[in-house]
Amino acid sequence: MADITKLNVYTKDYLDGIDNKILYGSKCKKCGNIMVPAKVICTKCQNPDLELFEIKPEGKIATFTCIGVGTTYFVKKGYSMKKPYCVAVVELDNGQMITGQLIGGDITYDENQDPLIGGKPIKVGAPVVGEYEEYKEVIEGKRGGPQERDRCRLVFKLK
Amino acid sequence: MGKLMREVAVIGAGMSKFGAFPDKNSRDLFAEALINTLQSIDKNFETKEIEALYLGNYSSDLFEGQGHLAPMCAELAGLTPKPASRTENACASSGIALREAIIAIAAGAFDIVLVGGVEKMTDLPTAGVTDTLASAADRIFEFYAGVTFPGLYALMATARMNKYGTTREDFMRIGIKNHKNGALNPFAQMNKSVAEIMNSKIAKAEKKGLPKPNWKDEMDFLHDLSANPYIAYPMRLFDCSLVTDGAACLVLTTKELAKKYTDTPIYIVGTGQGSETFAVHDRPSLYSLRSAVNAANMAYKMAGVKPKDIQIAEVHDCFTIAEMVAMGDLGLWERDDINRAVREGDTALDGVRPLNTSGGLKSKGHPVGATGVAQAVEIFKQMRGEAEGKRQVKFDVECALTHNVGGSGGSCVVHIYKK
């Protein structure tokens with residue numbers, strides 16, 4: 001039975017890692033299972049005793065989509081039906097998968113209505129490498145009004 | 001495990017008209033569905049016989065600024081001070097309400113239960129609806145990366161195209177089929193075929209003195225990126241279900257009591273539920289949902305039936321790819337046979353196993369919290385030979401199934417029905 005009191009990796013550790021430009025997975029101290037993004041309980045043996053494990057944000061596109069009707073955050077960034085953005089599920093070199101925006105130019109469609117990014121076709125299996133995009137997060141402060149915080153997002157580029 | 005202690009029957013089923021109704025709120029929609037449900041009960045029935053309400057609702061809190069809908073709707077039905085509970089599992093909210101009601105009756109807690117589902121979605125602007133729906137996805141690992149709901153299913157669509165050679169035309173075929181069925185359903189939001197929509201656009205262009213579009217047929221129309229743009233490649237406008245206001249209800253009772261209210265009850269012989277990882281990227285397969293596979297296996301086992309016994313089904317086609325995912329997860333077709341089945345019309349109203357005779361979420365509409373119960377309403381009508389318009393299937397339906405998915409697959413609930 002999993003002893004939940006042994007929990008020692010939290011989602012916050014993963015998010016702090018991204019803000020510090022490190023991609024963390026977690027590694028099970030019992031069975032060695034590696035999980036990315038970092039999980040708090042082993043997905044194989046349910047052991048909560050894990051350790052953070054640094055992963056290189058490199059791999060290949062497992063699947064992707066190019067979004068025309070985006071979330072409010074992306075609409076505010078200027079994306080629209082006329083200026084879509086691409087999101088990919090990337091299979092990292094250790095086989096784990098993670099979701100991130102694919103950057104590297106405007107999304108257009110070729111004569112077969114297949115998507116291009118910066119003029120290059122987007123294909124399942126294409127090698128990609130991660131980088132960290134800095135942004136300011138506005139937090140509604142309880143006192144003294146909204147406050148800004150430096151954050152990072154993990155995004156990917158075609159290799 | 002896996003057995004109902006008492007058998008459960010549906011004695012009444014009804015829904016509101018689905019659509020965009022600026023002048024109707026959740027109460028009005030629920031009332032309309034309840035009236036139609038009570039009118040569907042063949043023999044004398046009084047609402048005071050109802051002992052509890054189970055109500056599915058995803059997010060009236062964000063859509064309408066009104067939470068806690070169950071006692072509100074119970075009051076409307078005259079049930080106060082009886083128990084009234086709301087279930088929330090994203091788009092599977094009312095499928096789960098149905099399952100919880102079945103379990104309560106089977107356990108002997110109640111003899112007669114009202115099950116409902118309601119959602120009022122069209123008060124918010126598109127970005128607000130997009131954000132509210134996306135809140136059923138993984139906020140940290142997906143939403144922050146920019147994924148929307150159509151985006152999540154688009155990820156599954158790209159994966160299936162890559163693995164099985166599914167084409168964008170296959171997705172279009174599903175949309176055309178479901179619109180064709182919905183055109184025959186007076187309760188559907190878009191009760192128009194794709195051809196009718198195309199022709200009305202041509203007529204509109206002519207009336208405005210604009211150049212007449214030269215679409216040859218439905219497929220040609222759907223290929224036109226200006227008429228059918230990518231909402232989330234490869235999912236286009238006509239691959240996406242609608243933003244809808246609507247409600248649906250069922251009255252459930254025991255097998256023994258059912259005959260008091262109708263000579264033709266429909267029995268729910270199997271119920272199953274499952275869960276899947278929250279984020280799509282954590283799944284072993286990008287074109288299958290373990291929640292659905294688990295729910296189906298549980299329901300088949302309880303009902304003592306096999307996939308081949310299912311004659312018709314209402315499946316959760318929130319996007320056209322979702323219908324293909326369902327076909328495989330429910331074991332109704334082999335995964336590598338699904339492209340063929342779609343191309344050859346296996347799933348059409350006159351096919352070997354019609355899917356979504358109601359028009360599905362695509363054409364009937366998808367008021368998320370009402371969808372699960374609305375699927376059961378269609379099955380109730382089809383099994384009793386009472387489906388309106390010309391969408392009544394031509395054969396006697398002895399065994400049918402509903403498949404209701406929450407979120408991008410995090411929840412799924414399956415029910416099996418017999419006469």
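Trainee: Is B:Tyr287 buried or exposed?
Mentor: Keep in mind that this is a predicted model. The relative accessibility of B:Tyr287 is 18%. The cut-off for buried is under 20%, so B:Tyr287 counts as buried.

Trainee: And what about B:Tyr164, how does that residue count?
Mentor: B:Tyr164 has a relative accessible area of 23%. Buried would need under 20% and exposed over 50%, so the label for B:Tyr164 is partly exposed.

Trainee: What kind of pair do the rings of B:Tyr164 and B:Tyr287 make?
Mentor: Their centres are 5.4 Å apart, and their planes meet at 80°. Planes over 60 degrees apart get one particular name, so the pair of B:Tyr164 and B:Tyr287 is edge-to-face.

Trainee: How many residues apart in sequence are the parts that this pair ties together?
Mentor: B:Tyr164 belongs to helix 6 (residues 149-164) of chain B. B:Tyr287 is in the loop between strand 8 (266-275) and helix 11 (290-303) of chain B. The pair therefore ties together parts whose separation in residues is 123.

Trainee: Which kind of pair do B:Tyr230 and B:Tyr233 form?
Mentor: B:Tyr230 and B:Tyr233 are both buried. Their ring centres lie 5.0 Å apart with the planes at 70°, so this pair is edge-to-face.

Trainee: Which charged residue sits over the ring of B:Tyr164?
Mentor: Look for a charged end 5.9 Å from the centre of that ring. A Lys NZ has to be within 6 Å of the ring centre to qualify. The residue sitting over B:Tyr164 is B:Lys163.

Trainee: Where does B:Arg353 lie?
Mentor: Here we have an Arg and a Trp, with 4.8 Å to the ring centre. B:Arg353 lies over the face of B:Trp333.

Trainee: How much space lies in the largest cavity?
Mentor: The structure holds 3 cavities of 30 Å³ or more. For the largest cavity, the figure is about 230 Å³.

Trainee: Between which domains does the largest cavity lie?
Mentor: Of its 16 lining residues, those closest to the centre are A:Ile18, A:Arg153, A:Leu154, B:Ile140 and B:Tyr144. Helix 1 (11-19), strand 6 (97-103) and strand 11 (147-158) of chain A each give two or more residues to the lining. Two domains of chain A both contribute to that lining, so the cavity lies between domain 1 (4-55) and domain 2 (58-158).

Trainee: How many residues of that lining are nonpolar?
Mentor: Set aside the 2 polar and 3 charged residues. The nonpolar residues in the lining of the largest cavity number 11.

Methods: Residues are numbered from 1 along each chain as its sequence is written. Chains are lettered from A and ligands numbered from 1 in the order in which they are written. This is a predicted model: local features need pLDDT of at least 70, side-chain atom pairs count only at pLDDT 80 or more; totals for chains, interfaces and linings use all residues. Side-chain values use heavy atoms; hydrogens and water are left out. Rings of Phe, Tyr and Trp (its six-membered ring) pair if their centres lie within 6.5 Å; planes under 30 degrees apart count as stacked, over 60 as edge-to-face and the rest as tilted. Helices (H or I, at least four residues) and strands (E, at least two) are DSSP runs, numbered from the N terminus. Buried means under 20% relative accessible area, exposed over 50%, partly exposed in between (1.4 Å probe, protein chains only). A charge sits over a ring if NZ of Lys or CZ of Arg is within 6 Å of the ring centre and within 35 degrees of the ring normal. On a 1 Å grid over the protein atoms alone, a cavity is a set of points where a 1.4 Å probe fits but cannot get out, and a pocket is an open set with protein on both sides within 12 Å along at least five of seven lines; lining residues have an atom within 4 Å of a point. Grid points are joined across faces, edges and corners, and a volume is the space filled by probe spheres set on the points. Ala, Val, Leu, Ile, Met, Phe, Trp, Tyr, Cys and Pro count as nonpolar, Asp, Glu, Lys and Arg as charged, and the others, Gly among them, as polar. Domain bounds come from an automatic or database domain assignment.
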